[in-house]
Amino acid sequence: MKRKGSNTSSSPIIEVDGLCKKFGRRQILNGIDLRVFPGDFLTIFGSNGAGKTTLLKILSTLVLPSSGTVEIGGFDIKEDSNGVRSQIGLISHNSYLYPDLTAYENLRFYGKMFAVPRLENRITELLELVELEHRKFDLVRTFSCGMQQRLSIARALLHDSPIFFLDEPYSGLDVHASEILDRVLTNLKNENHTFLLTTHDLIKGIEVCTRVAILNNGVISYEAPKGEIDPAHFPDVYKKCIEVD
Amino acid sequence: MDYLKKVFAIVEKDIISELRTKELFTSMLVFVLLTLVIFNFAFGQDTQADMVDLASGILWVAFLFASILGLNRSFVHEKDEGCMDGLMLCPVDRSAIYIAKVIGNLIFISIVELITVPIFVLFFIKDAAGINFLFFALIIFLSNLGISAIGTLLSAISINTRARDLMMPILFFPVIVPVLISAVKSSSVILVASNPITDVYAWLQVLVVYDMIFLLISYLTFEYILEE
Amino acid sequence: MKRNNFIAVLAAAFVTMMFAIYAAFIFAPEEQTMGIVQRIFYFHIALAWVPYLAFLIVCIASILYLTKRETKWDQLAAGSAEIGVVFDTLVLITGPFWARVAWGYYWTWEPRLTTSLIVWLLYIAYILLRRSVGEHDKRARFAAVFGIVAFVSVPINFMAIRWWRTIHPLILKSTGMELSANMRVAMFASIIAFTVLYILFLQLRVAVENSNEELEKLKDEIGS
């Protein structure tokens, strides 16, 4: 199907070449090529089991590729994984929060691990941003799902990374948390961060993005800039893409 | 140093977490006490007969079993809450995670043992005067180091298998035999004040060698367990 | 090529084993005190040595797998561990027979026998570990790490167990056996024969593993 690249003049901040991943006998990713440029907001659609989460996990260094190369922010994912990690923030349905620590302690821990400068100020700033400063010294165990997700957003923002990976971030969010996430993303977009989003929500996904891709059967079977997409017809395009075997 | 700062950040997190729940601590402590009591019924005698040799063995079996409890729990926590991934997202060498876990485990096990040793002496040793507690502490520390060093690696392996907790003792016991032998033998020497302290040196050597070798090997191979 | 290789090893195994049996039963003289049962000693010694060789191979193959990530090293390690356990089981069975004749007890915590037991437990653990992990890659990695740990613990175990025994000297002393020249020949013949046998079994085992892999691959291709 159609494949198109972006046409900004700067060099890509994420470069994926021939990425393959096999778990035991199952080939999940079968040769992914991707170029993401600074300031891009790429939304990746795909059915369950298509490999979206695996792709993001590999890009976040949580999983090693079977073959192929990935370069993020100039760092190779195998040789310089720590370099890659400091360039990215991950938000997914896992909150990555320690339930027996307070909100403050959680942020302080991750802040130390990412060597965030002026940590105390940053924590206060972020807790205000996600509207949790009144629960600063409460155990995360006592938080509702929505609150945990908000704190998780704060956690991801700690080190002010240039790149964000969002793995179905809206799933499980209550209305309040959704609003906060929207606000945060808008702010970050204005600051020219780069985003990779995976989602099932066709409408939301197209709304926020600058480019769209569809992952099917372990390869990117469709890719186009937002301008070329007609939101009304896109669901049909999508269905067609995932039907083709 | 950046590396050490991050190691201590992880240790601090584990300690704060444990202080809140005291989950590990209480279960290990109660387990050791129960084991000591049960062993007394199994082996104990009413007479003032010399229980020293037997006592030493009882103590270390109790410590070993309690250690397995503690070692298992330390990774189960991370894995169950998905926090292991959170840790792996941080720009820190996998070996630092290993060191931090070893230090954490060492602290937890040592505190439990520190509390239970006086009780042990009370239960099993008739004549406690003149016991060289300094050397006893050294034996305990070196043994714990060995237990933590290899135990942290093996528990990381075992919780990632189908058998989970059950795999740990299977992997752990054959490997920890030298520590068990050394700890028991040297403790037996120490617990009888009249024994010359030099008898202990050979066993301390075994412990030191063991600790160095398994700290090194575990440090080098830990990352292979975490990768996916 | 492989087939010729295999036949050569099979022939060697046959020849060396025949010679070893001859040497053990006919060539070597009958031992004075223990009589014919003493002859099991030759096989026991040979059996006892092979596991250590097998587990050394496991360790080396494990290191090679972790550095090179080629499946063949994992197959070698798995095969070698299994065969080592089989031989070690035989050691633990023949050992008590030897002990009964030499010392009157079926089991004694004599250092070498005890070490063989611990080693047996180590590699049973290795095999159980492999069985407890489903994914190929994960299984190979975990097994490789434990393969290295287990082998490194063998000499330390041996040392500790030996010192454990010498500090409380054995009530049963070893029957300082004098080995005549012929007996020595029998002993070495046996060691060589069983080593060749190990190599034969290892080849077979790795070949079976290989066939399994190919079968799985074919199944996948047909399936999809």
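**Entry 1: helix H6 of chain C**

I began with what covers the buried residues of H6(C); the cover includes helix H1 (2-27), helix H2 (40-68) and helix H3 (71-103) of chain C. I note here that the model is a predicted one.

Which residues of H6(C) are buried? I listed C:Met183, C:Ala186, C:Met187, C:Ala189, C:Ser190 and C:Ile191. I kept the helix rule in mind: with 3.6 residues a turn, residues three or four places apart point the same way.

Then I checked the span. H6(C) runs over residues 181-223 and has 43 residues. From first C-alpha to last I read 63 Å, close to the 63 Å expected at 1.5 Å a residue.

**Entry 2: chain C as a whole**

I looked up the element count: chain C has six helices and zero strands. The order from the N terminus is α-α-α-α-α-α. Its C-alpha atoms fill a box of roughly 70 × 45 × 25 Å along the principal axes.

How much of chain C is buried? I found 36% of the 224 residues. I also looked at contacts with a separation of 6 or more: 79% of them in chain C join residues 24 or more positions apart.

**Entry 3: H3 against H4 in chain C**

Next I took the pair H3(C) and helix H4 (residues 111-131) of chain C. The two pack at an angle of about 145°, and their axes are 9 Å apart. The crossing is left-handed.

I wrote down who meets whom. H3(C) brings C:Ala78, C:Ala81, C:Glu82, C:Gly84, C:Val85, C:Asp88, C:Thr89, C:Val91, C:Leu92 and C:Gly95. Among the residues they meet in H4(C) are C:Leu113, C:Leu117, C:Trp120, C:Tyr123, C:Ile127 and C:Arg130. By class, I have 13 nonpolar, four polar and three charged residues in this contact.

**Entry 4: chain B against chain C**

I moved on to the contact between the two chains. Chain B gives 24 residues and chain C gives 27 residues. Which elements of chain B give two or more residues to the side that touches chain C? They are helix H6 (133-158), helix H7 (167-191) and helix H8 (201-226) of chain B. H7(B) supplies the largest share of that side, 10 residues. I sorted the side of chain B by class and got 19 nonpolar, three polar and two charged residues.

**Entry 5: the sheet of chain A**

I turned to chain A. I found an open sheet of four strands, in the order E2-E1-E4-E5, with antiparallel pairing. Strand E2 (26-36) and strand E5 (75-76) are the edge strands, each pairing on one side only. Two bridges join strand E4 (residues 67-72) to E5(A), and these strands run antiparallel. I looked for the partner of A:Ile72 in E5(A) and found A:Phe75.

What lies across the sheet strands E1 (14-23), E2 and E4 of chain A? I found helix H1 (residues 52-59) of chain A, running at about 60° to E2(A).

**Entry 6: A:Arg35**

Last, I picked one residue. A:Arg35 sits in strand E2 of chain A. Is A:Arg35 buried, exposed or partly exposed? I counted 17 other C-beta atoms within 10 Å, so A:Arg35 is partly exposed; buried would take 20 or more, exposed 12 or fewer. I also took a distance from A:Arg35 to A:Asn48, 13 residues apart along the chain: their C-alpha atoms are separated by 23 Å.

Note on methods. Residues are numbered from 1 along each chain as its sequence is written. Chains are lettered from A and ligands numbered from 1 in the order in which they are written. This is a predicted model: local features need pLDDT of at least 70, side-chain atom pairs count only at pLDDT 80 or more; totals for chains, interfaces and linings use all residues. The expected span of a helix is 1.5 Å times one less than its number of residues. Two residues are in contact if their C-beta atoms, placed from the backbone, lie within 7 Å. Two strands pair if DSSP finds at least two bridges between them. Axes are lines fitted to C-alpha atoms, for helices over the stretch in contact, and angles run from 0 to 180 degrees between N-to-C directions. Ala, Val, Leu, Ile, Met, Phe, Trp, Tyr, Cys and Pro count as nonpolar, Asp, Glu, Lys and Arg as charged, and the others, Gly among them, as polar. A crossing is left-handed if the near helix is turned anticlockwise from the far one by less than a right angle, and right-handed if clockwise.
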